[in-house]
Amino acid sequence: MKKDYTCMTDMKDCVVVGAGAAGMSAALTLARARRSTLVIDAGRQSNLVAAEIGGLLGHDRRPPDGFYAEGRAQLLAYPSVELHLSEVTHSVREEDGSFDVTFGDGRRERARSMVLAPGVDYRYPQLPGMDERWGGAVFHCPFCHGWEVADRPLGVLATGAVGVHGALNLRAWSDQITVLTNGGALTDRQREQLAIGGVGWDERPISVLDGPGNDLRAAVFADGGEIPLGALLVKSTLYQRSSLARDLGASLSEPDEMLSVEAIKVDAMCRTGVPGLYAAGDAATSVPPSMAAAVASGYLAGAAAVVQLAAGY
Ligand SMILES: Cc1cc2nc3c(=O)[nH]c(=O)nc-3n(C[C@H](O)[C@H](O)[C@H](O)COP(=O)(O)OP(=O)(O)OC[C@H]3O[C@@H](n4cnc5c(N)ncnc54)[C@H](O)[C@@H]3O)c2cc1C
């Protein structure tokens, strides 16, 4: 079939999908190697809802939008980088190994390599009062938000081994912890583990999370009872935001109970196994997701792409 490249400019060295911590880190590495780099971003970084970034050295407790604005400014200081606000809707790897990339706004480009850094969709159990507190009083990662909610009465919304593990871990931040199973049942062994660890549990179904504004005061149970809470840790599962990686032939892992990530499989240099295709950040994580890990993997993906481009394949 004849292709319409009328909207296309020259072949880029690399297209980076996503300008979060991972994509911008990859792009910076490519820029500093003087590679023509097009970064496409839909502008929905996962932590934008949070007030601050916790635990990123050099940026600890900084509002996320300031971090991203500075990252974009640093990238645009390099002449070989272009940042385009749009969404990659489709991509095909051509016979010559290049990537044909189509954007939501109709623009179309071709690139010798591609870094996928589109982040993930964090899905968590749905309860009334949850969404408006996500990224604040409702959090998924104690390393990101534990400091801010320390010493409050904390709930852990999870059941099974995950609930036990999450609650025992959370003791670094509070000694008032309760596992809330929302109607699920713990085993006798799990109750024993919690009791030994000084953690409470409540297996009643929850009807609503209550509190003034976006603060949390209590979880209210379906039977009308309630438990005071200053914050709630929820287990979230991370899914790909689109079929882009699959469409390009990358392999993905299935989320399992403990590490709940549908991740693009990569090697230590963020290579997907598809020549020229790299993946970084949450979308390819095999460790608990964080800004620090995203910056690090983006750097590796960018470096791997630079090496490939220099070798001319
Ligand atoms: C609520 C919340 C709070 C968090 N707080 C912290 C914290 O305090 N400390 C910490 O270390 N970690 C925190 N994290 C985790 C951290 O935000 C992530 O690990 C990190 O943002 C991952 O970076 P990323 O670049 O992989 O993805 P993202 O930051 O999600 O960026 C991906 C970008 O790609 C774009 N994109 C997606 N698909 C496409 C497409 N097809 N075309 C173009 N663009 C696309 C998105 O719109 C987005 O802008 C938090 C996560 C959440 C959900």
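F139 stands opposite L233 in strand β15 (strands are DSSP runs of E with at least two residues, helices DSSP runs of H or I with at least four, both numbered from the N terminus). Two bridges join β8 to β15, residues 231-234, and these strands run parallel; strands count as paired if DSSP finds at least two bridges between them. This is a predicted model, in which local features need pLDDT of at least 70 and side-chain atom pairs count only at pLDDT 80 or more, while totals for chains, interfaces and linings use all residues. Residues are numbered from 1 along each chain as its sequence is written.

**Sheet and helix α4**
- Five strands form an open sheet with parallel pairing, in the order β8-β15-β9-β10-β11.
- The edge strands, each pairing on one side only, are β8 (138-139) and β11 (200-202).
- Helix α4 (residues 160-170) packs on this sheet and touches β9 (154-157), β10 (177-180) and β15, where contact requires C-beta atoms, placed from the backbone, within 7 Å.
- The direction of α4 makes about 160° with that of β9; axes are lines fitted to C-alpha atoms, for helices over the stretch in contact, and angles run from 0 to 180 degrees between N-to-C directions.

**G119**
- G119 lies in the loop between β6 (108-116) and β7 (120-123).
- G119 is buried, because 25 other C-beta atoms lie within 10 Å (buried means 20 or more such atoms within 10 Å, exposed 12 or fewer, partly exposed in between, with C-beta atoms placed from the backbone).
- Not counting residues up to four places away in sequence, G119 touches G18, G20, Q45, S46, R241, G281, D282 and A283.
- The C-alpha atoms of G119 and A22 are separated by 8.3 Å, at 97 residues apart along the chain.

**Positive phi outside glycine**
- D151, in the loop between α3 (142-145) and β9, has a phi near 70°.
- D151 counts as exposed because it has 10 C-beta neighbours inside 10 Å.
- C270, in the loop between α6 (244-247) and β17 (277-279), has a phi of about 65°.
- C270 is buried, with 28 other C-beta atoms within 10 Å.

**Whole protein**
- The protein has seven helices and 17 strands, and 42% of its 313 residues count as buried.
- The C-alpha trace spans about 65 × 35 × 30 Å along its principal axes.
- Of the contacts with a separation of 6 or more, 58% join residues 24 or more positions apart.

Note on methods:
Contact = placed C-beta atoms within 7 Å.
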